[in-house]
Amino acid sequence: MSDEDKHGQASSGEPPAARHSTPMLDQLEAGPWPSFVTGLKRLRDAGDKAYAPMMNDLLGQLEHSYENRTGYWKGGTVSVFGYGGGVIPRFSEVADKFPQSKEFHTLRVQPPAGYHYTTDLLRQLCDIWEKYGSGLIALHGQSGDIMFQGCSTENVQKAFDEFNEIGFDLGGAGPALRTSTSCVGHARCEKSCYDEVRAHRSVINEFLDEMHRPALPYKFKFKFSGCGNDCVNAIHRADFAVIGTWRDDMKVDQEEVKKYVAKAGRKYTIDHVIAMCPTRALSLNDDDTLDVDNKSCVRCMHCLNVMNKALSPGDDRGASILIGGKRSLKIGDLMGTMIVPFIKLETDEDYQRLIEFGRRLIDFFAENALEHERIGETMDRIGLPAFLEAIGVDPDPNMVNHPRTSSFVRTDDFTVEAEKYFERKAREAGLNVAAD
Amino acid sequence: MNSTVQPRRPVETGVPDPFPYMHPLMRKNYGAWAWHDRLRPGVLHHVAKSGDQIWTVRAGTQRQMDVFTIRKLCDIGDKYAEGHVRFTTRSNIEFMVSSVDKVQPLIDALNAAGFPVGGTGNSVSMISHTQGWLHCDIPGTDASGVVKSLMDMMHHEFTHEEMPNRVRITTSCCQINCGGQGDISINVQYTKPPKINHDLVSKVCERPAVVARCPVAAIRPALVDGKPSLEVDEKKCVCCGACYPPCPPMQINGADSTKIAVWVGGKHSNARSKPTFHKLVVANLPNNPPRWPEVTEVVRKILYAYKENGRDFERLGEWIERIGWPRFFELTGFAFTKHHLDTWTGARKTMNMSAHVHF
């Protein structure tokens with residue numbers, strides 16, 4: 001207790017308690033990359049701040065971890081009034097040695113879509129966190145949240161209230177809808193195929209109840225990338241990945257193509273653009289213009305990336321939706337699987353359809369997934385045909401690398417299914433269908 | 001408790017609107033950009049269909065930032081840029097300016113303050129990483145320390161664009177792998193089954209849920225010394241650690257048994273090849289704080305083998321796809337063992353079912 005008293009006084013202007021010695025962490029201050037240890041020490045040495053003693057003990061505990069190669073945090077239950085998630089509780093298992101950092105909770109706070117800030121806004125966030133927390137902020141965590149790391153149980157509500165007052169809300173944690181991310185997209189990228197900010201905000205803000213009051217079988221993540229470069233890693237890291245694409249022909253500025261070839265060289269262009277096309281959809285003409293076989297193009301983005309000024313996406317833009325990406329637990333890694341090859345994203349109705357499809361998936365997940373099962377695992381467990389039927393999506397050859405190779409399937413309704421396919425095709429082509 | 005004080009109800013605002021914070025030129029030309037190029041490593045130049053131009057200077061950060069570091073970045077943003085910043089998925093900060101004249105003074109100010117400018121194009125960007133000993137409840141290592149050690153080693157490759165293509169590296173402090181897929185991934189790999197504290201299991205763990213978490217059905221309920229507990233069939237156990245988060249008395253970490261493995265060839269982008277998972281290169285590296293020299297050395301070997309041998313635009317995995325795994329192991333000098341042969345569901349599809357051989 002005497003130790004704790006000493007620390008308690010430190011914040012009220014008394015000489016600070018003895019600093020923990022941190023010989024191992026000190027070695028992480030050397031070298032050219034910015035050092036997080038130097039940052040932690042700045043907080044420890046901010047003598048007039050209430051968090052300084054907390055950060056002294058935090059450094060002590062971290063050094064203790066480095067010495068013993070063991071983590072010393074455990075979870076618990078801490079939340080804010082009205083919400084069931086969004087706070088990551090951390091209680092120290094070595095609080096007897098490091099009492100000032102015995103509670104070191106994180107508030108997950110949703111950043112502005114696309115991670116845009118003004119310096120004024122960042123300063124406001126810093127000021128709030130300096131008042132109630134540790135002064136340590138991660139920009140950003142792997143889910144996409146601003147991670148305000150290091151808060152006592154008592155201060156969690158106060159910190160949240162102030163963040164909330166300036167328009168910030170908690171993110172997701174536990175079996176819930178999680179905080180989303182979107183790429184820079186429309187704000188500064190010529191390849192962006194839909195309005196990522198609009199998609200991100202309208203989808204997530206529609207389902208906030210699922211984020212703030214966790215009641216799903218397990219986590220559910222949306223991520224939004226404006227093109228196939230997938231800068232926010234949506235296909236692998238999201239249950240619901242929205243990847244920008246276009247249906248019509250890519251745009252080619254032949255004069256710019258010629259300029260590129262003149263500068264890069266013909267051999268270089270053939271080796272690094274034409275030959276690297278995954279579907280052999282490109283051909284360089286004798287006059288150094290480009291032939292594109294748009295029906296073979298898969299919108300991989302390689303040639304658009306390389307010949308940035310000459311090539312751009314077509315005008316009929318929207319997105320593909322891939323479902324079921326996740327990391328290792330429990331059945332192993334899964335990439336998202338193509339479920340909606342194209343959804344137009346232009347009008348209010350288009351974005352409404354995206355929200356409705358999101359709702360259908362969340363409802364399906366809530367009703368059908370087992371506890372601690374991601375939707376990708378549910379898809380594997382029940383098989384893609386049953387999954388598609390449940391979410392009301394028709395089979396499409398874009399969903400597979402190739403049709404099945406196993407004959408172990410009952411096909412006595414094959415003809416009926418084939419008729420449905422032809423009816424669907426006829427409807428898409430605008431023909432009258434007898435069944436209508 | 002003072003019952004007269006009403007707690008404040010949250011305002012469920014959700015994702016904040018970024019437009020009030022966005023650089024005015026980005027707001028003005030939203031959805032109407034024409035093309036871009038790179039002036040030098042760390043500097044992007046975007047041109048809008050309107051003819052407007054914007055320059056972006058990208059700098060690396062330590063991700064886990066103290067408020068003083070953030071304020072310093074804000075000071076630089078106010079003095080040398082235009083008060084608007086954004087962050088990339090990999091924790092780099094970007095300053096946007098409306099005039100090319102502002103670029104060099106901004107770079108100078110960032111460098112003077114210790115922030116490396118780079119991370120664009122065919123460079124090694126900042127490592128995406130997890131929380132580790134600093135804040136996680138189940139960590140096997142400290143991602144921040146591993147990342148600091150690696151980024152020190154790769155500083156030149158962050159500030160220069162000399163790689164065949166972009167290099168995206170990740171680290172993770174347990175096998176859940178929150179850091180995600182990477183061209184190179186540095187991940188904790190447990191090597192021993194969990195050590196069970198039987199006194200605590202029935203008090204702390206929901207036993208059926210723990211049994212259900214095991215991917216190989218190696219956990220079963222048992223009475224140990226008359227107490228309800230769990231036991232692990234150690235012959236079946238794959239040491240994945242899935243039982244540890246729901247049941248902390250099943251300690252998967254050990255100071256000597258928690259090791260580090262390095263993986264290669266993960267890719268998120270769809271450019272050229274489809275997205276891929278990373279593949280094992282080396283396991284059983286020591287978890288050696290504070291600078292993890294053995295891990296740094298392995299990453300250095302892989303990185304420079306790729307730098308010297310990859311062709312322009314080949315990602316690391318695509319380079320290996322071309323030269324073949326035998327040549328990869330030769331060039332890097334690592335051993336190929338039985339542990340590189342996948343044994344998980346779908347493993348057969350990872351085998352070479354053809355007569356294609358590299359010599």
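Which residues of the largest nonpolar core touch the most other members? In this predicted model, they are Ile137(A), Ala159(A) and Ile321(A), out of 141 residues in that core. A nonpolar core here is a set of buried Ala, Val, Leu, Ile, Met, Phe, Trp, Tyr and Cys residues joined through C-beta atoms within 7 Å. Buried means that 20 or more other C-beta atoms lie within 10 Å of a residue's own, exposed means 12 or fewer, and partly exposed is in between, with C-beta atoms placed from the backbone. Leaving out residues up to four places away in sequence, Ile137(A) touches Trp129(A), Ile146(A), Met147(A), Phe148(A) and Gln149(A), plus Met65(B), Val67(B) and Ile70(B) from chain B. Touching, or contact, means C-beta atoms, placed from the backbone, within 7 Å. Apart from this core lies another, of 60 residues, with Ile184(B), Cys205(B), Leu230(B) and Trp263(B) among them.

A word on bookkeeping: residues count from 1 along each chain as its sequence is written, while chains are lettered from A and ligands numbered from 1 in the order in which they are written. Local features need pLDDT of at least 70 and side-chain atom pairs count only at pLDDT 80 or more, whereas totals for chains, interfaces and linings use all residues.

Ala159(A) turns up again in helix H6 (residues 153-165) of chain A, where Val156(A), Phe160(A) and Phe163(A) are buried along with it. These residues sit on the same side of H6(A) because they cover an arc of only 100° around the axis, the arc being that of the directions from the helix axis to the C-beta atoms. Over on the other side, Glu154(A) and Glu165(A) are exposed. The cover over the buried residues includes helix H5 (119-132), strand S6 (133-139) and strand S7 (146-151) of chain A. Helices (H or I, at least four residues) and strands (E, at least two) are DSSP runs, numbered from the N terminus. After H6(A) comes Gly167(A), with a positive phi near 95°.

On to the contact between the chains: chain A puts in 102 residues and chain B 95. On the chain B side, H2(B) gives the most, with 8 residues. Two strands pair if DSSP finds at least two bridges between them.

Within chain B, strand S3 (residues 53-59) is mostly covered, with 6 of its 7 residues buried. Strand S2 (residues 43-48) runs antiparallel to S3(B), joined by 5 bridges, and strand S6 (residues 93-97) is likewise antiparallel to S3(B), through 5 bridges.

S7(B) runs parallel to strand S8 (residues 184-190), joined by 4 bridges, and Ser172(B) has Asn187(B) as its bridge partner.

Terms used: Two residues are in contact if their C-beta atoms, placed from the backbone, lie within 7 Å.
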